[in-house]
Amino acid sequence: MLNLNQPITKAISAEPVWKLLIYDRVGQDIISPLISIRELREMGITLHIQLHSDRDSIPDVPAIYFCAATEENLGRIAQDFQNGLYDVYHLNFIAPISRQRLEDLAAAALQAGCVANIHKVYDQYLNFITLEDDMFVLKHQNSDALSYYAINRANTEDVEMENIMDSIVDSLFAVFVTLGTVPIIRCPKNSAAEMVARKLEKKLRENLWDARNNLFHMDATQTGAFSFQRPLLVLLDRTIDMATPLHHTWTYQALAHDVLELALNRVVVEEDPSADQQQYGATGAKPKMKACDLDSRDRFWCTHKGSPFPTVAEAIQEELEQYRSSEEEIKKLKTTMGIDGESDAAFSMVNDNTAKLTSAVNSLPQLLEKKRLIDMHTKIATSILNYIKSRRLDSFFELEEKIMSKQALDRALSEVLKDPEFGLPEDKMRLFIIYYICSNVSDGEFKRIEETLRECGCDLSPLPYIQRWKSIMKSTLTNSNQYEGSGTKTVSMFSKLVSQGSSFVMEGVKNLVVKRHNLPVTKITEQLMECRSGGGSEVDDYLYLDPKLLKGSDVVPKNRAPFLDAIVFVVGGGNYIEYQNLVDFIKSKQSTNSIRRIIYGASTLTNAKQFLKQLSLLGQEIGGV
């Protein structure tokens, strides 16, 4: 698209055509996790600006518009035509533009007399945000419209519900147009996921049978990464697992999302997180904040985003030592270059050193980049460490893993909750909800703990909703232990981190090793990918929808080969814990002759704080507050 919708050739990458990029808020969210400003420049984009900002006329340069086809945006584009801002317009709409709006736009162009200047109008079907190669969400701006609360509210009207479902379906349709494949859909019955599945199947089928506008007729060169096998789309409802979104976590990426609110692959941390808080208190100055981008170009992030936190701290320490030794080498070179006398030894040394120096100079840019990344990760990790210590997150994580795997606790839960030093009220609330979901709690015990939580200053509004949810789910859940195999063991802290030279003060933080286990979402995906059925497994009564069949039948065909590719989509909000769990699961399944892939998607990404807030809103509705 950035190359005026032409394929990119070598000649173009050597000498790009200069052009402008004009986007709206939604377009910005889609582009920012994918392309850095430097890459935009390499593509020939000299200027990128918001559609609704004041812009000056720039003649002789093509302008690429990338925005949603809303009334407001089209009005602004018509105004640009009228003012003759640019000579060449390439209009790219994120989602298909309706016939009526296209006609209005054409009328505006006629009136402004600039029809000849509009070179192309494209529907791009890019109505989703890709955060990783194997992860996407549907919305970031106004994501509350698709949240768990919006879908499960008591007083949602049918029209509103239809709109929510339609917007999810439109985005999922765009995902499959981009992948160029038609999936086979599986989902649980009688849920929001089923509504999405039925609508998506209908939309895919209508498109496949529409000979003129079929979007899946791709030529043989473009089959892309997917083989002839069709992927499986697993549509799940958030209600199948309510404990994981509230769970305290221990891996790097999920911790960044939980405590630093990682959004669109970017976190904001204090410039100097190790500085003393009192210093700011005394002067009244606010700590300086810095935005850090975490994306696939960052090698360290790619390797360690799924590692437990102490492992990450150790890895940063190792990278720092490597960097220091490279720095030392360059310093040594400088001193040896100052050799006196004109002996042969000195001469051969200069020759030798010239080669060394050349390689040192060539490796400088990489070294500087490495230094920048180490500094950035040190800042992020120090910020996370401060939260872990102040809120005792390691102990919460250990306790919750014990509760989920039904092990005995060392201290009674009510004692833990009474301890004023132990975490924030919201942390205690999360712990109790997980305990309530995973254990059989008597009414008496529930009331006692409720009283304890009230004394700690917790907001009790999520409880009525969780009680109602548990009573509904009791009738449907056959499997009592969803989280078997989880748990942690504490090992001694790495000697490197305990030594004085370390930049991380890890005293008092437990080094927890997580046992490899599958969360409910991963278990269901595994059963569906392997096409296991019978034997009373929980996926027996999942619907089976195939948009390619003329008459849809919901029956699973017998002897179906296992799927190699799956797209797992959670309606009502996903999280990085499940994403990481699926990534680990599929890694363990790779073999030499078959490569398997899982892509994880969700209507929105919520961390525990946001999810707890949505539960309190739902609880307030029940409590009639």
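Author: Asn-190 is found in the loop between β8 and α8 (192–208). Helices (H or I, at least four residues) and strands (E, at least two) are DSSP runs, numbered from the N terminus. The model is predicted, so local features need pLDDT of at least 70 and side-chain atom pairs count only at pLDDT 80 or more, whereas totals for chains, interfaces and linings use all residues. Residues are numbered from 1 along each chain as its sequence is written, and side-chain values use heavy atoms, with hydrogens and water left out.

Reader: Is Asn-190 buried or exposed?

Author: Asn-190 is exposed, because its relative accessible area is 74%. The scale calls a residue buried under 20% relative accessible area, exposed over 50% and partly exposed in between (1.4 Å probe, protein chains only).

Reader: And what is the phi of Asn-190?

Author: The phi of Asn-190 is near 50°, a positive value in a residue other than glycine. Most residues other than glycine have a negative phi. Asn-265 also has a positive phi, near 60°. Asn-265 sits in the loop between α9 (252–260) and β10 (266–270), and it counts as buried because its relative accessibility is 5%.

Reader: Let us turn to the sheets. What is the strand order in the open sheet of 7 strands?

Author: The order is β6-β7-β16-β15-β9-β8-β14, with mixed pairing. Two strands pair if DSSP finds at least two bridges between them. At the edges are β6 (129–132) and β14 (543–545), each of which pairs on one side only. Neighbouring strands of this sheet are turned by 20° against each other on average, direction ignored. Such angles run from 0 to 180 degrees between N-to-C directions, and axes are lines fitted to C-alpha atoms, for helices over the stretch in contact.

Reader: How many bridges join β8 to β14?

Author: There are 3 bridges between β8 (residues 184–187) and β14, and these strands run antiparallel. Ile-185 has Leu-545 in β14 as its bridge partner.

Reader: Which strands does helix α20 touch?

Author: Helix α20 (residues 520–529) packs on the sheet and touches β8, β9 (232–237), β15 (565–571) and β16 (597–602), where contact means heavy atoms within 4.5 Å. The direction of α20 makes about 145° with that of β9. Helix α21 (residues 576–588) also packs on the sheet, touching β6, β7 (135–137), β15 and β16, and its direction makes about 170° with that of β16.

Reader: What about the sheet of 5 strands?

Author: That open sheet runs β2-β1-β3-β4-β5, with parallel pairing. Its edge strands, β2 (45–50) and β5 (118–123), each pair on one side only. Strand β4 (residues 88–93) is joined to β5 by 5 bridges, and Leu-91 has Val-121 in β5 as its bridge partner. Helix α4 lies across β3 (62–67), β4 and β5, at about 175° to β4.

Reader: What does Ile-380 touch?

Author: Leaving out residues up to four places away in sequence, Ile-380 touches Tyr-252, Leu-260, Val-267, Val-269, Cys-292 and Leu-294.

Reader: How many disulfides does the structure hold?

Author: The structure holds 0 disulfides, a disulfide being a pair of cysteine sulfur atoms within 2.5 Å. For Cys-456, the nearest cysteine sulfur is that of Cys-458, 5.3 Å away. Cys-456 is partly exposed, with a relative accessible area of 22%.

Reader: Finally, at what angle do α16 and α17 cross?

Author: The axes of α16 (residues 425–438) and α17 (residues 443–455) cross at roughly 170° and come within 11 Å. The two helices are therefore roughly antiparallel. In this scheme, angles under 35 degrees count as roughly parallel, over 145 as roughly antiparallel, 65 to 115 as roughly perpendicular and the rest as oblique. Among the residues that meet are Phe-432 in α16 and Ile-449 in α17, each as part of its helix's contact set.
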